[in-house]
Amino acid sequence: MPLDIIVGTQWGDEGKGRVVDMLSARADYVARFNGGDNAGHTVTVGTQTFKLHLTPSGIIHPNTIGILGNGVVIYPETLLAEITMLRNYGVTVDPTRLRISHAAHLITPGHRALDRAQETARGKDQIGTTGRGIGPAYTDKTARRGIRMEEMLDESDFHRRMVAHIEEVNQTLARLYEVEPLDPSPIADQYADYAEKLRDYIGDTSALVWEALRRGQSVLAEGAQGTLLDLDHGTYPFVTSSSPLATGVMGGLGIGVGHVGRVIGVTKAFQSRVGAGPFPTEVQGDTAVRLRGTGANPWDEFGTTTGRPRRVGWLDGVLLRYAVRINGLTELVVTKLDVLSGLPEVRVCVAYRANGREYSDLPLGPADLSPFEPVYEDMPGWDADLTGVRSWGDLPAAAQNYLARISELSGVPVCQVSVGPEREQVVDV
Ligand code: IMP
């Protein structure tokens, strides 16, 4: 079995967690390859709703081993809290079921303090980060001064490394941002304690994945965030600091390209975004409330990590086609189709217009979308409640047409559709 990849085609929050949950039932390994606890994956199993930020959500299946690859940045407090939470729900999490790459980088309270200070300093140009220290941790990684998980294995030196790191952060906090310094010693003590707890989980996950694939086992790569938040290919600078793309899997897990099988793009039936940045198909007013929900349900459009109401809008076919190209998607899973029930018309953006010209593809990537106005196609809506539908034939014709149009616009088949948060609320196409 090859390496299958699941990525988000939008700005994150496409409902990847549930798709990973579905596919990991048959996978031997489920691996996170990018990001950190800025992600939020909600998985509903029966009456239990899990909100996971860092732990691969596939670990909920008893036969699946979770991996945090080298491309991930790890805030140990979050990881240990999730391990405890999962154990409380009866999920076994131990070093045989969760493996952490020795080359993954640590997030520290210093990174979180820097994230906050940098956002404040940006003033009206804030990115709207999750405040989890993601940017500063990846900055340290690329500046070659980050702290890798393997350093936790060196008991004699780790404490000193942490103190030196916090002292260095303090210089920046004080001189550049005029922010109170952090006390290095208790942080280093705390991290020494984390090292004790996490030591047995750390290993060479690149080799683990390679050996699994050679044995014919299946590996599922679970993307966090989404295509349009990619550091290089997203709506820069309103992006995250890692690569959530399918190509990020190779670097973020340390595995060659030859193993890749399916590359599945998860796309919501509409579009959402948290934080600042361009969003050509954004809607306001009643339609926005209609798409977002009120927050009464765990699946309404409020950030899993920050609780912020998400900006919402119509599906953007131009950006979807871009996501297909940049990831090499083989297929799409469309989520939350049920949310569109009851709308008299469903809009989909089929092209952009600027200076009297129409563009069906982006002329210069998605960083600056300000010149463009969406060209919409209005499709008939449907009234039927879809949450009980389990087969293609039972979908209203208008919903079938909408899905067919998504497939046509994106250029790849829609293989599955979700119509509610429960595991079984899916329709195979
Ligand atoms: P950071 O990743 O915390 O640095 O945030 C950078 C941008 O990415 C902000 O706009 C965040 O709201 C957004 N972001 C980061 N992670 C996620 C996610 O998992 N879902 C949706 N948006 C995210």
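This is a predicted model: local features need pLDDT of at least 70, side-chain atom pairs count only at pLDDT 80 or more; totals for chains, interfaces and linings use all residues.

User: Okay, what domains does the assignment give?

Analyst: There are domain 1 and domain 2. Domain 1 is written in two pieces, 3–93 and 205–428, while domain 2 covers 105–201.

User: And how many residues from each domain take part in the contact?

Analyst: Domain 1 brings 30 residues and domain 2 brings 25. The centres of the two domains, taken over C-alpha atoms, are 29 Å apart.

User: How much area do they bury between them?

Analyst: About 2,000 Å², with 61% of it on carbon and sulfur atoms.

User: Switching to charges: how many salt bridges cross the interface?

Analyst: The rule finds one between domain 1 and domain 2.

User: While we're on salt bridges, what does D37 meet?

Analyst: The side chain of D37 pairs with that of R112 in a salt bridge, at 3.0 Å from N to O.

User: Nice. How many residue pairs are in polar contact across the interface?

Analyst: Nine, counting pairs where both residues are at pLDDT 80 or more.

User: Which element gives the most to domain 1's side?

Analyst: That's helix 2, with seven residues. Helix 2 spans 76–88, and strand 6 (73–74) also gives two or more residues to that side.

Key. Residues are numbered from 1 along each chain as its sequence is written. Side-chain values use heavy atoms; hydrogens and water are left out. Domain bounds come from an automatic or database domain assignment. Contact means heavy atoms within 4.5 Å. Buried area is the accessible area (1.4 Å probe) that two parts lose on being put together, summed over both. A salt bridge is a side-chain nitrogen of Lys or Arg within 4 Å of a carboxyl oxygen of Asp or Glu. A polar contact is a pair of N or O atoms within 3.5 Å; within protein, one must be able to donate a hydrogen and the other to accept it, and residues adjacent in sequence count only if both atoms are side-chain atoms. Helices (H or I, at least four residues) and strands (E, at least two) are DSSP runs, numbered from the N terminus.
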